[in-house]
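We will go stop by stop.

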Amino acid sequence: ASFYVGLYLSTDAVITTADLRVGQRSVASLAPGASSTATTVVTIPTTLALGNYYIGAIADYTNLRVESNETNNSFAGNQISIVAPDMVMMTVSGPANGTPGTTISITDTVTNQGIGTAASFSIGLYLSTDAIIATTDLRVGARTVASLAGGASSTATTVVTIPATLALGTYYIGAIADYTNTRVETNEANNVLTGNQIDVVLPDLVMAAVSGPTSSTIGT
């Protein structure tokens, strides 16, 4: 008769139903002396702590079928290391001055110095009145990184708009990797980088010269 095989992750080599079940598969029936082999796709929970785990399986983990021996249903397989990316802003820069209501270009580079590949995340681009960039500062733009392998970097230039209502003055350009805190990282405290200062000023129109002919005729 049918039964289920439970698939687990365990912090030790003793696999039990108290461990984290990450999936299961169904076996329709199994004749005496027969075997069943299958590959099952499972999802590692985003809340799982980083570290080393044993992959394990338990036959008839729901205890549906009566067996001659109920103590030999568990098996511990190989270990798996649960790792995470670590996104670090390497550079961020923009122009030395800008005008409210106009666009500027900000260039940044992010590196994944972790082991795991980072799935899609966004980089927030900011203007701050001080050198400490935070998500509470004015975000003037963002860019999305589709994925970033361990050890890889991504560089891009993003066109952003300085708000027309922004007060004149001097600001710091900054960037925050994964500013929405979407991805689990090995270090969540190194995502911020402060770049150069930018003076937000108004244009100043000055007459530099004016000239005309030395003589003329009325009506011409």
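Select Thr-111, which is found in strand E7. Helices (H or I, at least four residues) and strands (E, at least two) are DSSP runs, numbered from the N terminus. This is a predicted model: local features need pLDDT of at least 70, side-chain atom pairs count only at pLDDT 80 or more, and totals for chains, interfaces and linings use all residues. Residues are numbered from 1 along each chain as its sequence is written, and side-chain values use heavy atoms, with hydrogens and water left out.

**Stop 1: around Thr-111**

Is Thr-111 buried or exposed? Thr-111 counts as buried because its relative accessibility is 14%. Buried means under 20% relative accessible area, exposed over 50%, and partly exposed in between (1.4 Å probe, protein chains only). The side chains of Thr-111 and Ser-153 are joined by a polar contact of 2.6 Å. A polar contact is a pair of N or O atoms within 3.5 Å; within protein, one must be able to donate a hydrogen and the other to accept it, and residues adjacent in sequence count only if both atoms are side-chain atoms.

Show the other surroundings too. Leaving aside neighbours within four places in sequence, Thr-111 is in contact with residues including Asp-86, Met-87, Val-88 and Leu-148. Contact means heavy atoms within 4.5 Å.

**Stop 2**

Select residues 103-112, which make up strand E7. Of the 10 residues of E7, 7 are buried, so E7 is largely enclosed by the rest of the structure. Two strands pair if DSSP finds at least two bridges between them. E7 pairs with E5 in the antiparallel sense, over 6 bridges. Look for Met-89: its bridge partner in E7 is Val-110. E7 also pairs with strand E10 (residues 153-161), antiparallel again, over 9 bridges. Here Ser-105 has Val-159 in E10 as its bridge partner.

**Stop 3: a salt bridge**

Stay on E7 and select Asp-108, then Arg-143. Asp-108 forms a salt bridge with Arg-143, and the closest N and O atoms are 2.9 Å apart. A salt bridge is a side-chain nitrogen of Lys or Arg within 4 Å of a carboxyl oxygen of Asp or Glu. Asp-108 lies in strand E7 and Arg-143 in strand E9, so the pair ties together parts that are 35 residues apart in sequence. Asp-108 is buried, with a relative accessible area of 0%. Arg-143 counts as buried too, at 9% relative accessibility. By this rule the count comes to 1 salt bridge.

**Stop 4: the largest nonpolar core**

Which residues touch the most other members of the largest nonpolar core? Select Ile-106, Val-110, Phe-121, Ile-123, Leu-127 and Ile-198 to see them; the core has 23 residues. A nonpolar core is a set of buried Ala, Val, Leu, Ile, Met, Phe, Trp, Tyr and Cys residues joined through side-chain atoms within 4.5 Å. Strands E5, E7, E8, E9, E11 and E12 each supply at least two residues of this core.

Zoom in on Phe-121. Not counting residues up to four places away in sequence, Phe-121 touches, among others, Met-87, Val-110, Arg-143 and Leu-148.

**Stop 5: an open sheet**

Colour the strands. An open sheet is formed by 5 strands in the order E6-E12-E11-E8-E9, with mixed pairing. The edge strands are E6 (97-98) and E9, and each pairs on one side only. E8 and E11 run antiparallel and are joined by 6 bridges. Leu-127 has Ile-173 in E11 as its bridge partner.

**Stop 6: aromatic pairs**

How many aromatic pairs does the structure hold? There are 2. Rings of Phe, Tyr and Trp (its six-membered ring) pair if their centres lie within 6.5 Å; planes under 30 degrees apart count as stacked, over 60 as edge-to-face and the rest as tilted.

Select Tyr-8 and Tyr-61. They form an edge-to-face pair, 6.3 Å centre to centre, with 85° between the planes. Tyr-8 is in strand E1 and Tyr-61 in the loop between E3 and E4, 53 residues apart. Tyr-8 counts as buried, at 2% relative accessibility.

Finish with Tyr-126 and Tyr-179. This aromatic pair is edge-to-face as well: 6.5 Å centre to centre, 80° between the planes. Tyr-126 is in strand E8, and Tyr-179 is in the loop between E11 and E12. Tyr-126 is buried, with a relative accessible area of 1%, whereas Tyr-179 counts as partly exposed at 22%.
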